[in-house]
Amino acid sequence: MSIPEFLLEVSIVVIAVVSLLTNLSVLLCFTQSAELKSLVPGIFILNLSFSNVLLTIFNMPATFLGVVNGAKPFGDSLCQAIAFAETFLTTNAMLSMAALGMDRWVAVVFPLRYSSKMRHRDAFLIVAYCWLQSLTFSLTQLLMNWGGYSHTYASCTVHLDAEEGSHLAAYATFTALFHCSSFALCLFVLCFAYLKVLKVARSHCKRIDVITVQTLLLLVDLHPSVRERCLAEQKKRRQRATKKICIFIGSFVLCFSPYVITRLVALTSVFIPRYWGVAAKCLSYAKTSTDPFVYCLLRQQYRKVLVGIISQVLRKDRFSLSIHSASSTLDTADDACIARIT
């Protein structure tokens with residue numbers, strides 16, 4: 001086994017474990033919190049987390065076996081089913097991210113009309129559209145028999161066999177439309193929504209900055225160090241908003257663009273090295289492990305619920321341990337009494 005193959009195998013295992021733990025943690029938070037269930041964005045986050053969990057369970061093990069064995073891990077039927085699942089789940093996850101971006105845009109740009117513009121019914125309709133578009137491409141792929149094992153990506157995915165060269169034009173059209181309606185569309189929506197959010201956030205920060213500076217000028221007796229701290233906090237607030245937007249858009253581009261680029265380049269009959277293909281695949285899988293942190297677990301609402309669940313579990317463990325210790329002490333005392341009697 002070469003070092004690159006070993007690193008790719010380790011990467012897939014680590015990504016799968018982290019993805020499964022973090023996405024299940026998000027789903028667990030929803031089951032334990034009525035507040036999270038009542039939020040409209042929670043519908044999009046649930047859809048995203050379910051897609052990530054299923055992708056982790058079905059597709060990552062298949063890719064891991066493909067890297068280890070260097071060949072198709074399953075039979076044709078099962079491999080086509082896994083390729084169908086990958087197309088559906090990946091598209092659904094991307095569209096869910098775009099839906100979350102539009103939800104943030106409506107919440108920030110139209111805060112007073114958010115409750116009327118983004119209701120639970122509207123969220124369910126958006127999720128239904130995500131499923132419809134995902135099913136359209138995955139069913140087309142299945143009916144055209146364009147799902148199978150690709151040696152370049154060491155996985156069961158969208159693939160055209162060499163003997164089906166007559167379908168190359170149709171396959172290229174399908175691939176281009178698929179990535180334009182998933183990756184390109186979602187990237188456009190994310191850039192539009194979050195840049196609008198950033199613009200509004202900066203305008204709010206400017207107003208706060210003006211009020212703060214005017215207040216500092218009125219407070220003549222204020223110590224210079226306090227003024228410096230206030231101005232530094234203003235700068236941090238502006239940087240924090242920019243950093244969050246960069247994380248939302250940057251993680252999407254970093255994880256998905258290498259895989260999409262290799263797919264489009266492969267249509268021109270350019271040879272893609274296997275290591276590059278599998279590495280790009282691993283990067284796309286890595287998005288499933290970063291999504292819970294980007295959208296959920298770093299927020300106070302989710303952290304509070306998760307900490308409460310962990311504290312409750314630890315409290316139960318301590319209680320059961322104390323009961324076990326007490327019962328063990330009683331058993332020991334009983335044994336000692338019996339020994340003295342006999």
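Visitor: Are Phe137 and Phe174 buried or exposed?

Guide: Phe137 is buried, and Phe174 is too (buried is under 20% relative accessible area, exposed over 50%, partly exposed in between, with a 1.4 Å probe and protein chains only). Keep in mind that this is a predicted model, where local features need pLDDT of at least 70, side-chain atom pairs count only at pLDDT 80 or more, and totals for chains, interfaces and linings use all residues. Residues are numbered from 1 along each chain as its sequence is written, and side-chain values use heavy atoms, leaving out hydrogens and water.

Visitor: How do I read a pair of rings?

Guide: You describe two aromatic rings by the distance of their centres and the angle of their planes. Rings of Phe, Tyr and Trp (its six-membered ring) pair if their centres lie within 6.5 Å; planes under 30 degrees apart are stacked, over 60 edge-to-face, and the rest tilted. There are 15 aromatic pairs here. One of them, Phe137 with Phe174, is tilted, at 5.9 Å centre to centre and 55° between the planes. Phe137 sits in helix α6 (residues 120-143) and Phe174 in helix α7 (residues 168-218), so this pair ties together parts 37 residues apart in sequence (helices are DSSP runs of H or I, at least four residues, and strands of E, at least two, numbered from the N terminus).

Visitor: Which residues form one aromatic cluster?

Guide: That cluster is made of Phe137, Trp146, Tyr171, Phe174 and Phe178.

Visitor: And what about a charge over a ring?

Guide: Look for NZ of Lys or CZ of Arg within 6 Å of the ring centre and within 35 degrees of the ring normal. Here the charged end of Lys117 sits over the ring of Phe110, 5.2 Å from its centre.
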